Amino acid sequence: MPVTVWTAADADLSAILALYRQLSVTDLVPDAAAAAETWRQILASGFMTVHVAELDGRVVATCVLVIAPNLTRNMRPFGLIENVVTEEGLRGQGVGKRVVQAAIAQAWDAGCYKVMLLTGRKDPAVLGFYEACGFSRGKTAFEVRRPG
């Protein structure tokens, strides 16, 4: 399967939004102008990169990498991966793993001392996917979400 992975650009927004609808089916579809403005902010950020995978001329997987500067760990940054999604019909075929591996490689190239990923999913296939990408279950995660 000839999959190409690259860093997302302006033209990838609509394809990424389509994938996000598969990630969070209960989310509202964002207003086009608001989504475009947020996309510009993401692309201009020095801390965020969106990786995408293309197959047969269409974007079929994506993930976001945030690299955060850090004053501990000898001032080495850390990475956080979020919004991992692969087109439903291609899951389990290694496409999603390619974008996650690209994000991890970028984090290592940036000198990150670790890369974190959190999931609320309990599906053994999802957990196995993250383990196959090199992540291990270990620390306890905590989160607080804004009410409403």
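**Group meeting: a walk through the sheet and its helices**

Let's begin inside, with Cys63: its relative accessibility is 0%, so this cysteine counts as buried. Before I go further, please keep in mind that this is a predicted model. How many disulfides does a search of the whole structure find? The count is zero. Cys63 is in no disulfide, and the nearest cysteine sulfur to its own belongs to Cys133, 8.7 Å away. Cys112 is in no disulfide either; there the nearest cysteine sulfur is that of Cys63, at 13 Å. Cys112 has 4% relative accessibility, so this residue counts as buried too.

Now let's turn to the sheet. Five strands make up an open sheet, and their order is β1-β2-β3-β4-β5, with mixed pairing. Which strands stand at the edges? Those are β1 and β5: each has a single partner strand, so one side of each is left without a neighbour in the sheet. On average, neighbouring strands of this sheet are turned by 25 degrees against each other, ignoring direction.

Let me go through some of the pairs. β1 and β2 run antiparallel and are joined by five bridges. If you want a place to look, take Thr7, whose bridge partner in β2 is His51. Next come β2 and β3, an antiparallel pair with eight bridges. Here Ala53 stands opposite Ala61 of β3. These two strands, β2 and β3, form a hairpin that has two residues between them, and in the turn Asp56 shows a positive phi of about 50 degrees. Moving along, β3 and β4 are also paired in the antiparallel sense, over seven bridges. There you can find Val66 with its bridge partner in β4, Leu80.

Let's stay with β2 for a moment. Is this strand mostly covered or mostly open? β2 is mostly covered, with six of its eight residues buried. Thr49 has its place in this strand. The relative accessible area of Thr49 is 13%, and since the cut-off for buried is under 20%, Thr49 is buried. What does Thr49 contact beyond its neighbours within four places in sequence? The list is Thr7, Cys63, Val64, Leu65 and Gln106.

Trp6 is partly exposed, at 25% relative accessible area. Setting aside residues up to four places away in sequence, Trp6 touches Asp12, Val50, His51, Val52, Glu54 and Val59. One of these, Asp12, has a side chain that makes a polar contact of 3.2 Å with the side chain of Trp6. Glu54 is 48 residues from Trp6 along the chain, yet their C-alpha atoms are separated by 8.3 Å.

Time for the helices. Helix α1, residues 13–23, lies across β2, β3 and β4, and runs at about 85 degrees to β4. Leu23 belongs to α1. This leucine, Leu23, is partly exposed, with a relative accessible area of 33%. Beyond its neighbours within four places in sequence, Leu23 is in contact with Asn83, Val84 and Val85. From Leu23 to Val60 is 37 residues along the chain, and 12 Å between C-alpha atoms.

My last stop is helix α3, residues 95–109. Which residues of α3 are buried? They are Val95, Gly96, Val99, Val100, Ala103, Ile104 and Ala107. The elements that cover these buried residues include all the strands we named, β1, β2, β3, β4 and β5, together with helix α4 (124–132). Just after α3 comes Gly111, which takes a positive phi of about 85 degrees.

Note on methods:
Residues numbered from 1 in each chain as written. Predicted model: local features only at pLDDT ≥ 70, side-chain atom pairs only at ≥ 80, totals over all residues. Heavy atoms only, no water. Buried < 20%, exposed > 50% of the residue type's maximum accessible area, 1.4 Å probe, protein only. Helix = DSSP H or I, 4+ residues; strand = E, 2+ residues; numbered from the N terminus. Contact = heavy atoms within 4.5 Å. Pairing = 2+ DSSP bridges. Axes fitted to C-alpha atoms, helices over the stretch in contact; angles between N-to-C directions. Polar contact = N/O pair within 3.5 Å; in protein donor to acceptor, adjacent residues only side chain to side chain. Disulfide = S-S within 2.5 Å.
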